[in-house]
Amino acid sequence: MSVAFVPERQRGRAEVNQDTLQRLLEENDQLIRCIVEYQSKGRATDCVQYQHILHRNLIYLATIADATPPSTQKPAD
């Protein structure tokens, strides 16, 4: 299960730290690899569940980025 998934009763209480973000980015990398592999084998319908998880993870990351005050964000290279 995705590290971005937080049960309804715990939402708003999860602590976001660098370790959690790194694990989420690594998970997204693996999801993308699985999606590409399935698509290259002509099994696009089999990768839909991975696309849903990836989408949820990306929305979660975007929400965190939007909620982070500009002074604490690292500048882009």
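Modeller: Contact here means heavy atoms within 4.5 Å. The model is predicted.

Biologist: Is Asn 28 buried or exposed?

Modeller: The cut-off for buried is under 20% relative accessible area. Asn 28 has 5% relative accessibility, so Asn 28 counts as buried.

Biologist: Which other residues of α1 are buried, and what do the buried residues of α1 pack against?

Modeller: Besides Asn 28, the buried set in α1 holds Thr 20, Leu 21, Leu 24, Glu 27, Leu 31 and Ile 35. In an α-helix there are 3.6 residues a turn, so residues three or four places apart point the same way. The buried residues of α1 pack against α2 (48-67).

Biologist: Where is Gln 30, and is Gln 30 buried or partly exposed?

Modeller: Gln 30 belongs to helix α1, residues 18-40. Its C-alpha is separated by 9.6 Å from that of Leu 54, 24 residues apart along the chain. The relative accessibility of Gln 30 is 44%, so Gln 30 counts as partly exposed.

Biologist: What span does α1 reach from its first C-alpha to its last?

Modeller: α1 has 23 residues. At 1.5 Å a residue, the expected span is 33 Å. The model comes close to that, with a reach of 33 Å.

Biologist: Which residue caps the N-terminal end of α1, and which residue with positive phi follows α1?

Modeller: At the N-terminal end, a side-chain oxygen lies 3.1 Å from the backbone nitrogen of Asp 19. That oxygen belongs to the capping residue, Asn 17. After α1 comes a residue with a positive phi, near 75°: Gly 42.

Biologist: How many aromatic pairs are there, and what is the geometry of the rings of Tyr 38 and Tyr 50?

Modeller: The count comes to one aromatic pair. The ring centres of Tyr 38 and Tyr 50 are 5.8 Å apart. Planes under 30 degrees apart count as stacked. The planes of these two rings are at 15°, so the pair is stacked.

Biologist: Which helices hold Tyr 38 and Tyr 50?

Modeller: The pair links distant parts of the chain, twelve residues apart. Tyr 38 is partly exposed, with a relative accessible area of 21%. Tyr 50 also counts as partly exposed, at 21% relative accessibility. Tyr 38 lies in helix α1 and Tyr 50 in helix α2.

Conventions. Residues are numbered from 1 along each chain as its sequence is written. This is a predicted model: local features need pLDDT of at least 70, side-chain atom pairs count only at pLDDT 80 or more; totals for chains, interfaces and linings use all residues. Side-chain values use heavy atoms; hydrogens and water are left out. Helices (H or I, at least four residues) and strands (E, at least two) are DSSP runs, numbered from the N terminus. Buried means under 20% relative accessible area, exposed over 50%, partly exposed in between (1.4 Å probe, protein chains only). The expected span of a helix is 1.5 Å times one less than its number of residues. A polar contact is a pair of N or O atoms within 3.5 Å; within protein, one must be able to donate a hydrogen and the other to accept it, and residues adjacent in sequence count only if both atoms are side-chain atoms. Rings of Phe, Tyr and Trp (its six-membered ring) pair if their centres lie within 6.5 Å; planes under 30 degrees apart count as stacked, over 60 as edge-to-face and the rest as tilted.
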